[in-house]
Amino acid sequence: MDEMRAALFDSFGPPEVLYEGKVPVPRIKPDEVLVRVHASSVNGGELHGRAGRVRLVTGRRFPQRTGIDFVGEIAEAGTAVTEPRKGTAVWGILPRRMGSMAEYVAVRPRQVSTAPAGLTPVEAASVLAGGTTGITALRDKARIKPGERLLVRGAGGVGSVAVQLGKAYGAHVTALAGARNRDFVHGLGADDVLDHRTTRPCELGSFDVVLDTVGTQHRVFRRLLAPGGRMVAIAFDAEHIGTSVSYILASAVHGSRRVRFFSGNPRHDLFAELARMAETGGIRPVVDTVRPLAELGAAHAALEAGGVRGKHIIQIR
C-alpha cells in the first residue's frame with residue numbers, strides 16, 4: 001500500500017480543476033494514527049482554497065489537496081499510541097490544513113474521537129464540520145442562554161446544524177434562507193424562517209446573538225444586536241477579505257457589540273460532545289447529496305450554486 005486516491009488540483013480555478021489522482025499514503029509517526037477515510041463533507045473554505053482566494057494561506061505550490069473533515073476507522077496506530085486502537089470508528093478534522101478528501105489521513109489521537117454510534121459515515125460527515133463550528137460559535141463564543149433570540153444567517157450547510165443547536169440550547173431561532181428551503185428549515189426546529197432575498201435586515205428586529213455563515217454585510221447585521229448582544233462570523237466576504245478582517249478587528253475596539261471570529265481547530269473533547277448530541281438526537285444528520293471522490297468537482301459546483309439543504313458528502317469507501 002504505497003499509493004492512495006486523493007482529490008487534487010494543479011491550478012487555482014473553477015470546480016473543473018479538481019480531479020482524482022494518486023499520492024503516497026501518509027507514513028505515521030510514533031504518536032500518530034492512520035485513518036482509513038470513508039466519507040468527508042464539502043465546506044465553504046475549500047471553495048475559497050480551490051479558487052485561490054486565500055493563496056496567502058494555501059501557498060502556490062501544486063498539486064494542492066482539499067478537504068478538512070473525515071469519518072473513518074483506525075487503520076494503523078503508532079508505537080506510542082494506546083488509544084484509539086486499530087479498527088475503531090472515528091471522526092475528526094485536520095488541524096489547519098487540507099487533505100481529507102483521500103483514502104487515508106494521518107493525525108494525532110487528540111484530533112479524533114469515537115464516531116457517533118447509530119450513524120453511517122455519510123450521516124456522521126454531514127454534522128461534523130457544522131457541528132463543531134456551531135458548538136464553538138454558540139456555546140463558547142456567544143455563550144448563548146435559554147430564551148435568547150438567535151438569528152442564523154444562511155441556514156443551508158453549517159447553518160442547518162446551527163439551527164438545531166440553537167434549539168438545543170433553548171434559544172428562539174430565526175433563520176434567513178432561500179424561499180424554497182422554508183419548510184426544510186422549519187423542520188430543523190427554526191421558530192421563524194424568512195426569505196433572505198426579500199427580507200430587509202431592518203425588518204428583522206433585534207437579537208441577542210447573530211450567527212453569520214455568509215460573510216458579507218457584517219456592519220449591517222451587527223446593527224441588529226440588542227444591548228449586550230453578540231455576533232459571531234464564521235465566514236469572510238471572499239471578494240473583500242481585507243475589508244471583512246479589518247471590520248471584525250475594529251469591532252473589538254469601537255462599540256460594545258463586538259464581532260467574534262475564530263479559526264477552527266477542534267480537539268477530542270469537542271468531537272466527543274458532538275457525538276453525544278448526535279447519539280441522543282440533539283442534532284440529526286442532514287444530507288443534500290452523496291457523490292464519489294471522482295465527482296468532487298460537481299459537489300463544489302453545487303455548493304457554489306447555493307440553495308443547499310444540508311451537506312454535500314463525498315463517499316470515499
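**Entry 1: terms and model.** I take helices (H or I, at least four residues) and strands (E, at least two) as DSSP runs, numbered from the N terminus. The model is predicted, so I note that local features need pLDDT of at least 70, that side-chain atom pairs count only at pLDDT 80 or more, and that totals for chains, interfaces and linings use all residues. Residues are numbered from 1 along each chain as its sequence is written, and side-chain values use heavy atoms, with hydrogens and water left out.

**Entry 2: backbone.** I looked up R143, which sits in the loop between helix 3 (121-141) and strand 9 (149-153). R143 is not a glycine, yet its phi is positive, near 50°. With a relative accessible area of 60%, R143 is exposed; here buried means under 20% relative accessible area, exposed over 50%, and partly exposed in between (1.4 Å probe, protein chains only).

I then turned to Q217, in the loop between strand 12 (207-212) and helix 6 (218-222). Its phi is also positive, about 55°, although Q217 is not a glycine. Q217 is partly exposed, at 45% relative accessible area.

I recorded a cis peptide bond between F62 and P63, with omega about 0°. P63 belongs to the loop between helix 2 (55-58) and strand 4 (64-65). A cis peptide bond also joins E83 and P84, with omega about -5°, and P84 lies in the loop between strand 5 (69-77) and strand 6 (89-93).

**Entry 3: strands.** Is strand 6 largely enclosed or open? I found that four of its five residues are buried, so strand 6 is largely enclosed by the rest of the structure. I count two strands as paired if DSSP finds at least two bridges between them. Strand 6 pairs with strand 5 in the antiparallel sense over five bridges, and with strand 8 (residues 112-114), again antiparallel, over three bridges. In the latter strand, T114 stands opposite V90.

I also noted an open sheet of three strands in the order 2-1-4, with antiparallel pairing. Strand 2 (18-24) and strand 4 are at the edges with a single partner strand each, so one side of each has no neighbour in the sheet. Strand 1 (residues 3-9) is joined to strand 4 by two bridges, and L8 stands opposite R65 in strand 4.

**Entry 4: two helices.** The axes of helix 3 and helix 8 (residues 268-280) come within 10 Å and cross at roughly 105°. I use axes that are lines fitted to C-alpha atoms, for helices over the stretch in contact, with angles from 0 to 180 degrees between N-to-C directions. The two helices are therefore roughly perpendicular to each other (65 to 115 degrees; under 35 counts as roughly parallel, over 145 as roughly antiparallel, the rest as oblique).

**Entry 5: salt bridges.** I read that the structure holds 13 salt bridges, each a side-chain nitrogen of Lys or Arg within 4 Å of a carboxyl oxygen of Asp or Glu. R108 forms one with D31, the closest N and O atoms being 3.1 Å apart. R108 is in the loop between strand 7 (104-107) and strand 8, and D31 in the loop between strand 2 and strand 3 (33-41), so the pair ties together parts 77 residues apart in sequence.

Another joins D212 and R153, with the closest N and O atoms 3.2 Å apart. Both D212 and R153 are buried.
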